[in-house]
Amino acid sequence: MSVRLKLTLSYAGFLMLAGVLLLTAVWVFLLRGSPKVSFVPSLDDALRALDPRNFGASVFVSAAAMVMVFLLVFGLVGGWFLAGRMLAPLTRITAATQLAASGSLSHRIRLPGRRDEFRELADAFDTMLAQLEAHVAEQQRFAANASHELRTPLAITQTLLDVARNDPNRDSDVLDDRLRAVNSRAIDLTEALLLLSRADQRSFAREPVDLSLLAEEAAETLLPLAEKHGVTIETSGDLARAVGSPTLLLQLTTNLIHNAIVHNLPGNGTVRVRADTHPDGATLIVENTGENLTSQMVSTLTEPFQRGARRIRTHDSGVGLGLAIVKSITQAHDGTLTLAARAEGGLRATVRLPAG
């Protein structure tokens, strides 16, 4: 049976029960013991009961039977109508669900009326659809960008091989170096994609870590790159304990410092790394000098394959997944990543992680 039919029968059943109880009360308190009571309803008594001049115990049973029949019909018809009115919002929710199942995530229910259980369900479903639509759109952009980025080194490799085949005087050592460089970049991109997937899946063990030690390790590792770019790295802070994956958090710190070094002032830039503790966990702040950034530009930096203010690529710029990986690792650790443009130029990245 449908829910509407179940509700209809429930309404009719309760109405019949109320009628029986009411008629029983009349019988018990008014007509019990009357010598004229006939317990077998008949058509003659029913017709006599229709005449308002006939009342009392002699026509009570027949009149009661007529009332019960009326209550049954009234309960079924009225219950069917009321159940349809009450379940009407479910029809809209079901239609929206079917549209979503067919692949249309742009449809919204937008249920009108006061805020009741159906309205809360519809609003929650609209919120879920909006999140799914945004997630699917993000995944589609990511897949398109990843395909483009992976296609580039393969196309370069194919071009180098074609040129080498058609050039009888080719230099094998130069070809080997170029192929190694292209292959290395493809490997870096693949590893970055795998790391991003691992962070999204949260498939890692958690243990206590000190962000200040990770900051010092990452700064020491990237010191040659900083010297190459003429950038000074300054680290500060005390014990900053958090709980998470040391490997992923080290990658997070390394990506932030690497990004701060590459996108900096040429020749005289500065990167400041500070690890602090707060009542709920730990904070890692990485800020650098550089060009002035707008709020709109900052909001796009965590998108995959976005490199600084423009989609440019240099030898040290990475594969364009640095801040995207930072964002995924932070979310996988139930933390927050905040990017803000500095008034004097450059970027300030703040990662807040819970204590555990």
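The following questions and answers concern a predicted model of one chain.

Trainee: How are residues numbered, and which pLDDT limits apply?
Mentor: Residues are numbered from 1 along each chain as its sequence is written, and side-chain values use heavy atoms, leaving out hydrogens and water. In this predicted model, totals for chains, interfaces and linings use all residues, side-chain atom pairs count only at pLDDT 80 or more, and local features need pLDDT of at least 70.

Trainee: How many helices and strands does the chain have?
Mentor: Helices (H or I, at least four residues) and strands (E, at least two) are DSSP runs, numbered from the N terminus. By that rule the chain has 10 helices and 7 strands.

Trainee: What percentage of the 356 residues counts as buried?
Mentor: A residue is buried under 20% relative accessible area, exposed over 50% and partly exposed in between, with a 1.4 Å probe and protein chains only. Of the 356 residues, the buried share is 35%.

Trainee: Is Thr8 buried or exposed?
Mentor: Thr8 lies in helix 1. A contact means heavy atoms within 4.5 Å; leaving aside residues up to four places away in sequence, Thr8 touches Gly75, Leu76, Gly79, Trp80 and Ala83. The relative accessible area of Thr8 is 3%, so Thr8 is buried.

Trainee: And Leu9, what is its relative accessible area?
Mentor: Leu9 is also found in helix 1. Leu9 counts as partly exposed, and its relative accessible area is 41%.

Trainee: Why do Phe70 and Phe74 count as stacked?
Mentor: The structure holds 1 aromatic pair. Rings of Phe, Tyr and Trp (its six-membered ring) pair if their centres lie within 6.5 Å; planes under 30 degrees apart are stacked, over 60 edge-to-face and the rest tilted. Phe70 and Phe74 are 4 residues apart in helix 3 (residues 60-101), about one helical turn. Their ring centres are 5.9 Å apart and their planes at 15 degrees, so the pair is stacked.
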